[in-house]
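Visitor: I have a structure open and would like to learn how to read it. Can we take it feature by feature?

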Number of protein chains: 2
Amino acid sequence: MSKGLSIVQGRLLKSIHFTAQYGAKGVWGGASTETGVCRLALSDLDKMVRDWFVSETKKLGCEIKVDAIGNIFSIYPGKNDGVPTAIGSHLDTQPTGGRYDGVYGVLAGLEVLKIFRENSFVPNYPVAVVNWTNEEGARFPKATMASSLWAENVSEESIMNLESITDQKPVTVEQELTRIGYRGEIPASYKENPLAAHFELHIEQGPILESENKKIGIVTGAQAYDWYKVTIQGNSSHTGTTPLGARSDALLAASRMITKCNEVAHKHNGLVSVGVIDIEPAVVNVIPKKVSFIYDARHASDNELSKMHADLTQEFEEIVRTSQGPLSIKPLELSIEHLFHSKAVHFDPDCISSVKDESIHLYGESNVKEIMSGAGHDSCSTSFRCPTSMIFIPSRNGISHSPEEYSTPESIDEGLSVLLGAVIRYDELRKIKG
Amino acid sequence: MSKGLSIVQGRLLKSIHFTAQYGAKGVWGGASTETGVCRLALSDLDKMVRDWFVSETKKLGCEIKVDAIGNIFSIYPGKNDGVPTAIGSHLDTQPTGGRYDGVYGVLAGLEVLKIFRENSFVPNYPVAVVNWTNEEGARFPKATMASSLWAENVSEESIMNLESITDQKPVTVEQELTRIGYRGEIPASYKENPLAAHFELHIEQGPILESENKKIGIVTGAQAYDWYKVTIQGNSSHTGTTPLGARSDALLAASRMITKCNEVAHKHNGLVSVGVIDIEPAVVNVIPKKVSFIYDARHASDNELSKMHADLTQEFEEIVRTSQGPLSIKPLELSIEHLFHSKAVHFDPDCISSVKDESIHLYGESNVKEIMSGAGHDSCSTSFRCPTSMIFIPSRNGISHSPEEYSTPESIDEGLSVLLGAVIRYDELRKIKG
């Protein structure tokens, strides 16, 4: 259902490669387009791509709103006034970013507006394309920074004073917004500047769609996740003079726990991963007396996530009991600290249906798959305050946050076609619902 | 069999506490003797205790020889000329050392000579007390440094040029020997300056004697040991977007291996320990792409040590095969590098018998135990070039290389009594063997 509209094959990819000039970095292949992009939030390069985006959307007849945190809302008029249906993502990248993460979603929105304009199509309600500031959290260390502020999930003061971690002399968000001219007048708030819905087209950043040979991921939400720091206190002693039965070996206990993390993840059909481990005293012939690691647990269900943690706590206590030698002079001790929690995100049924119906209409049931997002996105923020859903396309080898991030030209266009149709479907739904 | 000689109760411990003035550090209890000692090799403090040792042994009528690496040989004359029977250990300590490690052995030798002198006892052959330079390898990073040079297991040039790692401005062994006046004339060589035998009295530095309630350990040798560096290459990916089946998680594989190290050690009745682990990139939400750890394997038998390594290699290969997800785009890769090997040391049967017979004579079969040394000692060096054995006394809680290192006053005297008798037994044996 795209009202007779269709995309211009290959034009979105050209636009993606065009904007990669603002920060191209990290050659991975022989072609001129085979590089990544480094375009940190609120940098000079970010200003250039923003200015270009504003100029392009103005040419299409958009009204431009910039809010206090630099989010850009380019609003294409509809038949009726009212709150716009939004297509949003981000133009900033990781320091070792690729060409697609974020950029794809914003430029796909721009492409939708171009198609509207070229076909003299007027939606029932305004359609906005949104560029959210600092989604990556790479320069200013807060991921989905500006969409979180818009959703009022964080305070404006904490965000404005956030200092950069990639500059030799740190600067604040507020200083950089002012410097590049994107400290807007409109409050950064869903209350003052609401959206009727938010659609985001994004690369999967994981291997699922590719490995299952699907064209489109209909994203139904994002996994809940928790970070826990686990610390094991044991006893340092000489590796040569301490019998196995007299040891309280903190690393042996930690190794059993990390192995158990994987087993528990399999059991609950969730994810548990350990990326960080610290060890003391870290001497070849001394048994470690203190080991800590952080585990990252994820699940589509908040309830199952809690159950995984409860299981792990019980397993860890058992490991501590059984890892201590009977002749050890000092017991192993366990402590677990909760560092971070993010609730499961469930996207809006109407938005999901718009994406699903269009995907199946275009490619058939066998080529699409409902999927949960494993990573955070601006859509996770917007979902707190307006109906939201996302569309994924396959990522080659699941690689992202790397210059080698890649999706095929066919996928790029297929995702765009779904986005175009889904936004028109939702616009029709708004009219029916009134 | 101590020829009617007996020790003076408590005097050796007084002498130990006296010399602790040269470097007392690290208070662990209320009494003035409840500190550790920091007396690094060839430091000013080391010079002080050396000068005191030389002066004390001179008073007893010893001839003093200092070799090129600063080893001190204080030789008490016998009825016959000839190569001396030695009692040796070291006066240097770890930076966070205790009062007993090394010091006990040298001062026990001094005490034996005092008892000879006080009782006008003249052994059949000369008896030397030896202070070996830099046994700890803490200041100059080569453990049993000077006994290894004496045994010609290392080259003189490599040792003389060794630089200190505890000084802000590194200095060489040769510079420090010259500075403190202990660069002697005699070549540091068992050929030029031979010993007829070497006895060493030492604290166990492990928990075995204490936990089995034994007074004396008859040391029959030292375990063989190997250090291996194991490196696992996997694939970095996002903890949230990468299904378990698509991972090549280097830390998960390493954790399984470390757990397996312990199982294989139990199976072979040996020791395998991991004290060091490194991880890349060490980010909470990124699956580790590279993990390396060093394992320290020990066994009384060279053959069993080899078998443990062969078993572990096979197990590690199996772990690498089974830890890689079926959908992973990059296989896990294993490499194993051999860093260090020390062969099993088997002490001399006659020396062992001298210790064993005296121990049983004094304390009965039930209070003594044959034991392998888990740590390296100067006696491991001397055993290559002359008949050698050691005597252990219990260490409280198995603690060593710590200010809290402690053995009871009774143990201190019991070890000395065995040493006195064992040296006299060996001296008799030499006379009989001619």
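Visitor: Which residues of chain A does the UniProt annotation "domain: Peptidase M20 dimerisation" cover?
Guide: The unreviewed UniProt entry places that domain at residues 225-318 of chain A. UniProt positions are given in the numbering used here, feature names are shortened, and annotations may be inferred rather than shown by experiment. The span is 38% helix and 31% strand, and its end C-alpha atoms lie 24 Å apart. Helices (H or I, at least four residues) and strands (E, at least two) are DSSP runs, numbered from the N terminus.

Visitor: What should I know about the model itself?
Guide: This is a predicted model: local features need pLDDT of at least 70, side-chain atom pairs count only at pLDDT 80 or more, and totals for chains, interfaces and linings use all residues. Residues are numbered from 1 along each chain as its sequence is written, chains are lettered from A and ligands numbered from 1 in the order in which they are written, and side-chain values use heavy atoms, with hydrogens and water left out.

Visitor: In what order do the 4 strands of the open sheet in chain A stand?
Guide: General idea: strands of a sheet pair through backbone hydrogen bonds, either parallel or antiparallel. Here the order is S10-S11-S9-S12 in chain A, with antiparallel pairing. Two strands count as paired if DSSP finds at least two bridges between them. S10 (271-280) and S12 (333-342) of chain A stand at the edges with a single partner strand each, so one side of each has no neighbour in the sheet. From one strand to the next, the twist averages 15°.

Visitor: Over how many bridges do S9 and S11 of chain A pair?
Guide: S9 (residues 224-233) and S11 (residues 290-299) of chain A pair over 10 bridges, in the antiparallel sense. A:Gln233 stands opposite A:Lys290 of S11(A).

Visitor: Which strands does helix H8 of chain A lie across?
Guide: H8 (residues 250-268) of chain A lies across S9, S10, S11 and S12 of chain A, at about 5° to S11(A). H9 (residues 302-323) of chain A also packs on the sheet, touching S9, S10, S11 and S12 of chain A, and its direction makes about 155° with that of S11(A). Axes are lines fitted to C-alpha atoms, for helices over the stretch in contact, and angles run from 0 to 180 degrees between N-to-C directions.

Visitor: How do I read two packed helices?
Guide: Use the angle between their axes and the distance between the axes. H2 (residues 44-59) and H3 (residues 103-118) of chain A pack at about 20°, with axes 10 Å apart. They are therefore roughly parallel (under 35 degrees; over 145 is roughly antiparallel, 65 to 115 roughly perpendicular, the rest oblique).

Visitor: At what angle do H1 and H12 of chain B cross?
Guide: H1 (residues 11-19) and H12 (residues 409-433) of chain B cross at roughly 110°, and their axes come within 8 Å. That makes H1(B) roughly perpendicular to H12(B). B:Leu12, B:Leu13 and B:Ile16 of H1(B) meet B:Pro409, B:Ile412 and B:Leu416 of H12(B).

Visitor: Is the peptide bond from A:Glu280 to A:Pro281 cis or trans?
Guide: Cis, with omega near 0°. A:Pro281 is in the loop between S10 and S11 of chain A. In chain B, the bond from B:Glu280 to B:Pro281 is cis, with omega near 0°.

Note on methods
Contact = heavy atoms within 4.5 Å.
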